[in-house]
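Hi,

Here is the structure I said I would pass on. Have a look at it first, and then read my notes below.

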Amino acid sequence: MVATYIEELVELPTSMLDDVLGATELERRRIECRLASITAVAEQKAQFLADGHRSMSGYLKAHLNCSGVEASRLRRLAKLVNERPEAGDALQSGFVSVSNIDLIARAWSAPRGHSKIAACLPLLLAHAEQFSTKDFAVLIDRTLANADPEGTEPNDDHVANATVVAGPDG
């Protein structure tokens with residue numbers, strides 16, 4: 001089956017191969033958005049319990065035969081798409097790549113950056129359309145760093161103490 005498809009692709013003129021590649025990537029983005037939407041609804045309905053699983057990640061791993069990392073990625077994307085449908089629209093319409101929307105979803109799930117990402121999501125989606133994944137990751141990292149310049153939550157219960165003592169040289 002794959003060999004036959006590859007043979008068909010080999011026969012295509014170069015310009016048509018470009019069109020097939022673009023159409024397939026657009027289909028991939030639409031499918032990612034649908035998977036995220038289904039995951040969001042399944043999580044809201046606690047489908048994993050009805051299906052006999054102890055967690056949503058376990059449910060996804062069983063039904064999609066995916067890794068825990070992939071299940072977590074899909075859950076983050078589902079949360080973003082569920083709470084901010086315009087992010088799903090940008091992915092589904094093909095404007096934003098899967099890798100860039102994953103970066104936004106990761107930042108969206110970070111407690112320290114949630115409000116900052118929410119405040120500038122339209123701008124981030126516009127940049128996600130234009131930036132390479134490497135450059136967009138830098139933008140996301142800087143956005144999160146600005147959300148928490150000290151790197152900790154203000155209500156962080158970790159106590160750090162330091163003491164300075166003069167040594168024999170003063």
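Predicted model: local features only at pLDDT ≥ 70, side-chain atom pairs only at ≥ 80, totals over all residues.

H6 itself covers residues 85-92, and its buried residues are Ala87, Gly88, Ala90 and Leu91. Looking down the axis of H6, you will find these buried residues within an arc of 160°, so they line one face of the helix. What do the buried residues of H6 pack against? Their partners are four helices: H2 (14-44), H5 (68-83), H7 (98-109) and H8 (114-130).

Now for the inside of the protein. The largest nonpolar core has 35 residues, and those touching the most other members are Leu80, Ile101, Ile104, Ile117, Leu125, Phe136 and Ile140. Two or more residues each come from H2, H4, H5, H6, H7, H8 and helix H9 (133-147). H7 gives the largest share of this core, with seven residues.

Apart from neighbours within four places in sequence, Ile104 is in contact with Leu80, Ile117, Leu121, Leu124, Leu125, Ala128, Phe136 and Ile140.

Back to the backbone for a moment. Most residues other than glycine have a negative phi.

- Ala46 is not a glycine, yet its phi is positive, about 50°. You will find Ala46 in the loop between H2 and helix H3 (47-50). With a relative accessible area of 23%, Ala46 is partly exposed.
- Asn65 also has a positive phi of about 50° without being a glycine. Asn65 sits in the loop between helix H4 (56-64) and H5. Is Asn65 buried or exposed? Its relative accessibility is 73%, and the cut-off for exposed is over 50%, so Asn65 counts as exposed.

Last, the surface. Val2, Ile6 and Val10 together make a nonpolar patch of about 300 Å² there. Val2 belongs to helix H1, which runs over residues 2-11. The relative accessible area of Val2 is 59%, which makes this valine exposed.

Cheers

Terms used
Residues numbered from 1 in each chain as written. Heavy atoms only, no water. Patch = residues over 30% accessible without salt bridge, like charges linked within 9 Å, V, L, I, M, F, W, Y side chains within 5 Å. Areas by Shrake-Rupley, 256 points an atom, 1.4 Å probe, with all protein chains shown as cover. Salt bridge = Lys/Arg side-chain N within 4 Å of Asp/Glu carboxyl O. Buried < 20%, exposed > 50% of the residue type's maximum accessible area, 1.4 Å probe, protein only. Arc of directions from axis to C-beta. Contact = heavy atoms within 4.5 Å. Core = buried A, V, L, I, M, F, W, Y, C linked by side-chain atoms within 4.5 Å.
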